[in-house]
Amino acid sequence: MESAVALYDSEMSLQAIGEELGLNPIKVRKLLITADVYESKAAKKVQATFQELLIEARKY
């Protein structure tokens with residue numbers, strides 16, 4: 001994940017990052033969303049859902 005974030009911070013496209021790391025651009029986007037560095041309406045929804053799941057998981 002750190003490599004994807006570093007490449008994204010250097011303003012590489014998702015496609016270019018995917019090619020560099022041998023990943024699908026969709027997977028790159030998901031990694032960046034999880035790392036909380038990629039922003040869009042969908043990314044915000046995913047991050048909120050992820051946080052809710054973490055809160056629920058901590059209950060057990």
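**Salt bridge.** I began with charged side chains in this predicted model, and found that those of Glu56 and Lys59 meet in a salt bridge, with 2.9 Å from N to O. My search of the whole structure returned 1 salt bridge. I then looked up how open the two partners are: Glu56 has 38% relative accessibility and therefore counts as partly exposed, whereas Lys59, at 57%, lies over the 50% cut-off and so counts as exposed.

**Aromatic rings.** I searched the whole structure for aromatic pairs and noted 1. Tyr8 and Tyr38 form this pair, which is tilted, with the centres 6.0 Å from each other and 55 degrees between the planes. I placed Tyr8 in helix 1 and Tyr38 in the loop between helix 3 and helix 4 (41–58), so that the pair links distant parts of the chain, 30 residues apart. For Tyr8 I read a relative accessibility of 25%, and because of this value the residue counts as partly exposed.

**Helix 2.** Which residues of helix 2 (residues 14–21) are buried? I listed Leu14, Ile17 and Gly18. Looking down the axis of helix 2, I saw that its buried residues fall within an arc of 100 degrees, so they line one face of the helix. I recalled that an α-helix has 3.6 residues a turn, so positions three or four places apart point the same way. The buried residues of helix 2 pack against helix 1 (2–9) and helix 3 (25–34), while on the other side of helix 2 I found Glu19 and Glu20 exposed. Last, I checked the backbone just after helix 2, where Gly22 takes a positive phi of about 75 degrees.

Definitions and conventions. Residues are numbered from 1 along each chain as its sequence is written. This is a predicted model: local features need pLDDT of at least 70, side-chain atom pairs count only at pLDDT 80 or more; totals for chains, interfaces and linings use all residues. Side-chain values use heavy atoms; hydrogens and water are left out. Buried means under 20% relative accessible area, exposed over 50%, partly exposed in between (1.4 Å probe, protein chains only). Helices (H or I, at least four residues) and strands (E, at least two) are DSSP runs, numbered from the N terminus. The arc is that of the directions from the helix axis to the C-beta atoms. Contact means heavy atoms within 4.5 Å. Rings of Phe, Tyr and Trp (its six-membered ring) pair if their centres lie within 6.5 Å; planes under 30 degrees apart count as stacked, over 60 as edge-to-face and the rest as tilted. A salt bridge is a side-chain nitrogen of Lys or Arg within 4 Å of a carboxyl oxygen of Asp or Glu.
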